[in-house]
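Here is a short briefing for a first look at this structure. Please keep the sequence and the 3D view open while reading.

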Amino acid sequence: MPKILVLGGTTEASALARALADAGHDAVLSYMGRVERPKPQPIPVRIGGFGGVPGLIAYLHDTAITHVVDATHPFAAQMSGNAVQACAQTGVPLIALTRPAWQPGPGDRWQRVPDMAAAVAALSGPPQNVMLAIGRMHLAEFAPQPQHHYLLRLVDEPGETPPLPRHTIVVDRGPFSAQADEQLMRDHAIDLVVSKNAGGTGSVSKLEAARALNLPVLMIDRPALPPRHETHDIATVLNWLTA
């Protein structure tokens, strides 16, 4: 019987946790602990980091984990890289449950940048109303561009005031509809949307709203990750566990 570690924090991880529970698998879901009110899960949950690759290796040994599923956010590059190294060193099989990246379509006005630093640099220029849809972990990186008014939609109230002199915080948890996001952008007279290419369907509404309003989107590409076995399908993960 496999004992599974799911590296989570995404809607895909929650869906996988439900599927594992329904199938009667012995599994634990791990969060980094960046959300104050994580959703209840049908399998045991651990919260917090592992302490890098050595800590993850120790956890795999101590808990007799037989399989690891990386269902972290596409921008959780450090955790994903640590999982690749730890599993390679221990021989524990690893699969990544990922979501397809977004691609621009007809009517989209995207400017793609390779990373967060390039996104900050691209915001040089006259003041604008910017919807900064990147989560709270990277807000301080935009302090060098204080001329803009930033709309920040966050899952939790920030523990400290963001270092952005002009900002509005909206605390809300998705999923959101395109219509609601379009109204949000109208209400705040948004000129530009900044987004990480998270992919999937959970937060695509902001891109649909930007398209409907003919707004430009500054799209941050995903970080490069080491080669690994990947799938977008939960059924494939379940079959892999029993292969």
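This is a predicted model: local features need pLDDT of at least 70, side-chain atom pairs count only at pLDDT 80 or more; totals for chains, interfaces and linings use all residues.

Residues are numbered from 1 along each chain as its sequence is written, and side-chain values use heavy atoms, with hydrogens and water left out.

**Nonpolar cores**

- A nonpolar core is a set of buried Ala, Val, Leu, Ile, Met, Phe, Trp, Tyr and Cys residues joined through side-chain atoms within 4.5 Å.
- Buried means under 20% relative accessible area, exposed means over 50%, and partly exposed lies in between (1.4 Å probe, protein chains only).
- The largest nonpolar core has 19 residues. Those that touch the most other members are L132, I134, F142, Y150, V194 and I220.
- Two or more residues of this core come from each of α4 (116-122), β7 (129-133), β8 (149-154), β10 (192-196) and β11 (216-220).
- Helices (H or I, at least four residues) and strands (E, at least two) are DSSP runs, numbered from the N terminus.
- Another core lies apart from the largest one. This other core has 18 residues, including F50, V68, A83 and L94.
- Y150 touches L123, V130, L132, F142, Q145, L164, R166, H167 and T168, leaving out residues up to four places away in sequence. Contact means heavy atoms within 4.5 Å.

- E12 sits in helix α1, which spans residues 11-22.
- Is E12 buried or exposed? Its relative accessibility is 18%, so E12 counts as buried.
- E12 is in contact with L97, R99 and I234, setting aside neighbours within four places in sequence.

**Two loop residues with positive phi**

- A189 is not a glycine, yet has a positive phi of about 50 degrees. A189 belongs to the loop between α5 (178-187) and β10.
- The relative accessible area of A189 is 43%, so this residue is partly exposed.
- N214 is also a residue other than glycine with a positive phi, near 60 degrees. The loop between α6 (205-212) and β11 holds N214.
- N214 has 47% relative accessibility and therefore counts as partly exposed.

**Salt bridges**

- Side chains of opposite charge can pair when their charged atoms come close.
- How many salt bridges does the structure hold? There are eight. In a salt bridge, a side-chain nitrogen of Lys or Arg is within 4 Å of a carboxyl oxygen of Asp or Glu.
- R18 and D22 form one of them, at 3.2 Å from N to O. Both lie in helix α1, four residues apart, which is about one turn of the helix.
- R18 is partly exposed because its relative accessibility is 44%. D22 is exposed, with a relative accessible area of 57%.
- R112 and D221 also meet through their side chains, at 3.0 Å from N to O. This pair links distant parts of the chain, 109 residues apart. R112 is in strand β6 (residues 109-113), and D221 is in the loop between β11 and β12 (230-231).
- R112 counts as partly exposed at 47% relative accessibility. D221 is partly exposed too, with a relative accessible area of 22%.
- E230 pairs with R228 in a salt bridge, with the closest N and O atoms 3.1 Å apart. At 40% relative accessibility, E230 is partly exposed.
- A network of salt bridges links D70, R228 and E230.
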